[in-house]
Amino acid sequence: MKIKTLEFIDEKLYLIDQRKLPEKVEIFLCETYKDVDFAIKDMVVRGAPAIGVSGVYGVVLGAKEFKHLDKETFLDKMEVVLNILNKSRPTAVNLMWGITKMKELIEKNKEKSTEEIYVLLKEEGDRIKEEDIDINRKMARYGNTLVPEEAIILTHCNAGALATVDYGTALGVIREAHYSNKNIFVYADETRPRLQGGKLTSWELLQEGIPSKVISDSAAATLIRDKKIDLILVGADRIATNGDTANKIGTFMLSVVAKTYNVPFYIVAPTSTIDFNIETGKDIVIEERNSEEITYIEGIRVMPEGVQVYNPAFDVTPEENITAIITEKGIIRPPFKENILKLK
């Protein structure tokens, strides 16, 4: 089954509703930028690259809605659209990267007609979407050079086709290794509290016929200690210029255990995930989400009324715990700050 996380057809954005997987595949239709804002906030679409491309198409939908207005009003409305979409989720830098691209395009062409600006934004959105697919394929090929024959791989959260336009970041490397007939096996953390590993990664692995098992997050340390994991592959939502990496909550914990037992720990992310404006992970804003993600499972309360909850969506893995960062430009190794800045 071909997984198409998002498609922009006939001036509408179609998203796989990831809240409904794996029970059913439903499409969430976005006809306005407000629909896209909701889809990002409510995790209809998730994964930094997919969020970024969705945000870009949200700008296109905003331009479609307001292009009939006079130029000054159109530009004012687009400023509102850009600001709203830019704040849909605070941690994934690909969103800010994409919105900035669109803002610069509007600024550069503001003397053109509103219809012309709309067409240019649509063309840029399509270009960014196709570029994401190409980037994922390149990362997969680079990452596959690090995967030995018959490797047992651990991954966390979902960094597959569902987190991107197509193919995936960390799961893209896994796909490439599988297609290369390396006879790999994958353990997927269930990834509390929203179970992106148990629901989404497992679904993708089954679609591809990749041998795998889902484990509870707390089982990973035992597998690593017992030398049953050869390498760990995870995605990223933001990377600081020193290599510190924000990813789904639980990633930092994995990195500590991996370092203790000398298991290679790889980040797989496009260069658009690198935030060249921040020096370390201390500057990364960590989103804290609704307590009901923890106190309820599938709409059923599993904890007592009145319990206090801390629910950060991400944590930051320090650069010293990371073996290498796999990008579409190649594999970045320590010293990370020096080698990351070369990409700039």
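Which residues in α1 meet which residues in α2? Tyr33, Val36 and Ile40 are the α1 side, and they meet Ile51, Ser54, Gly55, Gly58, Leu61, Gly62, Glu65 and Phe66 in α2. Contact means heavy atoms within 4.5 Å. By class, the residues of this contact divide into 6 nonpolar, 4 polar and 1 charged. Here Ala, Val, Leu, Ile, Met, Phe, Trp, Tyr, Cys and Pro count as nonpolar, Asp, Glu, Lys and Arg as charged, and the others, Gly among them, as polar.

The model is predicted: local features need pLDDT of at least 70, side-chain atom pairs count only at pLDDT 80 or more, and totals for chains, interfaces and linings use all residues. Residues are numbered from 1 along each chain as its sequence is written, and side-chain values use heavy atoms, with hydrogens and water left out.

**Helix packing**

Two packed helices are described by the angle between their axes and the distance between the axes. Axes are lines fitted to C-alpha atoms, for helices over the stretch in contact, and angles run from 0 to 180 degrees between N-to-C directions. Helices (H or I, at least four residues) and strands (E, at least two) are DSSP runs, numbered from the N terminus.

Helix α1 spans residues 33-41 and helix α2 spans residues 48-66. They pack at an angle of about 160 degrees, with their axes 7 Å apart. α1 and α2 are therefore roughly antiparallel (an angle over 145 degrees). Their crossing is left-handed. A crossing is left-handed if the near helix is turned anticlockwise from the far one by less than a right angle, and right-handed if clockwise.

The pair α5 and α6 packs at an angle of about 65 degrees, with axes 8 Å apart. The crossing of α5 and α6 is right-handed. Met139, Ala140, Arg141, Gly143 and Asn144 of α5 make the contact with Gly172, Val173, Glu176 and Ala177 of α6. By class, that contact has 4 nonpolar, 3 polar and 2 charged residues.

**Loop residues**

Is Thr91 buried or exposed? Thr91 counts as buried, at 1% relative accessibility. It sits in the loop between α3 (71-86) and α4 (93-108). A polar atom of its side chain lies 3.2 Å from the backbone nitrogen of Glu287. Leaving aside neighbours within four places in sequence, the contacts of Thr91 include Met96, Asp237, Arg238 and Phe314.

Asn158, in the loop between β4 and α6 (170-179), is also buried, at 4% relative accessibility. Its side chain and that of Thr201 are joined by a polar contact of 3.2 Å. A polar contact is a pair of N or O atoms within 3.5 Å; within protein, one must be able to donate a hydrogen and the other to accept it, and residues adjacent in sequence count only if both atoms are side-chain atoms. Beyond four places in sequence, Asn158 also touches Arg46, Gln196 and Glu204, among others.

Thr145 is exposed, with a relative accessible area of 59%. This residue is found in the loop between α5 (114-144) and β4 (152-155). A polar atom of the Thr145 side chain lies 2.5 Å from the backbone oxygen of Tyr142. The C-alpha atoms of Thr145 and Glu176 are separated by 9.8 Å, and the two residues are 31 apart along the chain.

**Backbone spots**

Most residues other than glycine have a negative phi, and most peptide bonds are trans. The table lists exceptions.

| Site | Backbone value |
|---|---|
| Met43 | phi near 65 degrees |
| Glu150 | phi near 55 degrees |
| Asn181 | phi near 60 degrees |
| Leu21 to Pro22 | cis, omega near 0 degrees |
| Pro334 to Pro335 | cis, omega near 0 degrees |

Met43 lies in the loop between α1 and α2 and is buried, with a relative accessible area of 3%. Glu150, in the loop between α5 and β4, is exposed at 54%. Asn181 follows α6. Pro22 is in the loop between β2 (12-16) and β3 (27-30). Pro335 is in the loop between β15 (330-332) and α11 (336-343).

Conventions: Angles under 35 degrees count as roughly parallel, over 145 as roughly antiparallel, 65 to 115 as roughly perpendicular and the rest as oblique. Buried means under 20% relative accessible area, exposed over 50%, partly exposed in between (1.4 Å probe, protein chains only).
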